[in-house]
Amino acid sequence: MAHFVIMGCGRVGATLALTLDAAGHSVTVIDQNERAFGALGEDFSGDTVTGVGFDRDTLEAARISEAYAFAAVSSGDNSNILATRVARETYNVQHVVARIYDPGRAEIYQRLGIPTVAAVRWSADQVLRRILPEHSMRGDFRESSGRLMLTEVALHADWYGHQVKSLERAAGVRIAYLTRFGEGIIPQSNTRLQGGDLVHVMMRVDESSDVEKILATAPRQAQD
């Protein structure tokens with residue numbers, strides 16, 4: 001199982017921690033207020049660290065170097081972005097997400113390749129989609145027969161820069177739309193994926209495991 005570090009032990013942070021802990025993952029929660037950890041309850045088997053989430057000593061105490069993913073879900077935009085950038089740029093954590101209240105700032109950080117979720121449409125489920133790729137495979141919509149679903153997928157970083165048609169051909173899916181800098185766009189077949197894009201595909205439910213494996217690995221050299 002993977003190790004997750006969560007900064008912020010409010011309602012969303014506690015929900016994330018308990019969900020991941022119940023699934024058998026290793027979890028460390030960071031918060032400046034030690035009393036906030038009471039929201040985790042007695043059944044939480046993970047670790048807690050009292051401190052500032054962008055402080056290196058605090059992050060290292062939370063075993064950030066072992067982290068599969070980092071979620072910054074405190075109440076402060078600046079703290080969340082700073083902590084997320086430290087996790088990504090200093091400790092090379094590939095799966096990160098930051099909670100952002102200001103939509104203007106969210107667009108800026110999307111351009112820096114930091115996935116963000118605006119607080120107005122915030123939920124623990126949306127955070128899990130960013131840091132736990134298999135969670136996104138549950139799907140947002142299923143057509144009446146139950147054979148097809150529309151869902152957001154996680155990509156290996158090397159897919160960025162490739163054309164939409166290359167991903168569709170490799171995975172056997174149809175890209176319905178992209179979310180780029182907070183805005184939805186319908187791509188053309190020759191549209192190139194950019195870092196920070198959220199990719200939403202229509203796919204067969206019974207092929208979801210195969211699609212996940214294909215998109216989690218780097219594309220072959222001659223895709224385009």
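**Note on the predicted model**

1. Arg85 is partly exposed, its relative accessible area being 31%, and Glu89 is exposed, with a value of 54%. In this predicted model, the side chains of Arg85 and Glu89 come together in a salt bridge, with a distance of 3.0 Å from N to O. Both residues belong to helix α3, which covers residues 77–89, and they are four residues apart, or about one turn of the helix. Side chains of opposite charge can pair when their charged atoms come close.

2. How many salt bridges does the structure hold? There are seven, and a second one for the student to look up is that between the side chains of Arg63 and Glu66, at 3.1 Å from N to O. Arg63 has a relative accessible area of 29% and is partly exposed, and Glu66, at 49%, is also classed as partly exposed, because the exposed class begins only over 50%. Arg63 and Glu66 are linked with Asp47 in a network of salt bridges.

3. A further salt bridge joins Glu168 to Arg174, where the closest N and O atoms are 3.9 Å apart. Is each of these two residues buried or exposed? Glu168 is buried, at 16% relative accessible area, whereas Arg174 is exposed, at 57%.

4. The next point concerns a sheet. Five strands form an open sheet in the order β7-β8-β11-β9-β10, and their pairing is antiparallel. Strands β7 (141–142) and β10 (183–185) stand at the edges and have a single partner strand each, so one side of each has no neighbour in the sheet. Strands of a sheet pair through backbone hydrogen bonds, in either a parallel or an antiparallel manner. Within this sheet, strand β9 (residues 174–180) and strand β11 (residues 198–204) run antiparallel and are joined by five bridges; as one example, Ile175 has Val201 of β11 as its bridge partner.

5. Thr191 lies in the loop between β10 and β11, and at 17% relative accessibility it counts as buried, because the buried class covers values under 20%. What does the side chain of Thr191 reach? It reaches the backbone nitrogen of Gln188, at 2.8 Å. When neighbours within four places in sequence are left aside, Thr191 is in contact with His162, Gln163, Val164, Leu178 and Arg180.

6. Helix α1 (residues 11–22) contains 12 residues, and the distance from its first C-alpha to its last is 16 Å, close to the 16 Å expected at 1.5 Å a residue. Its buried residues are Val12, Gly13, Ala14, Leu16, Ala17, Leu20 and Asp21. After α1 comes Gly24, which has a positive phi, near 95°.

7. The last point concerns the largest nonpolar core, which has 19 residues, and of these Ile6, Cys9, Ala17, Val27, Val29 and Leu40 touch the most other members. At least two residues of this core come from each of β1 (3–7), α1, β2 (26–31) and β4 (69–72). Which of these elements gives the most to this core? Helix α1 does, with five residues. Ile6 touches, among others, Gly13, Leu16, Ala17 and Leu20, and also Val27, Val29 and Ala71, when residues up to four places away in sequence are not counted.

Conventions. Residues numbered from 1 in each chain as written. Predicted model: local features only at pLDDT ≥ 70, side-chain atom pairs only at ≥ 80, totals over all residues. Heavy atoms only, no water. Pairing = 2+ DSSP bridges. Salt bridge = Lys/Arg side-chain N within 4 Å of Asp/Glu carboxyl O. Buried < 20%, exposed > 50% of the residue type's maximum accessible area, 1.4 Å probe, protein only. Expected span 1.5 Å × (residues − 1). Core = buried A, V, L, I, M, F, W, Y, C linked by side-chain atoms within 4.5 Å. Contact = heavy atoms within 4.5 Å. Polar contact = N/O pair within 3.5 Å; in protein donor to acceptor, adjacent residues only side chain to side chain.
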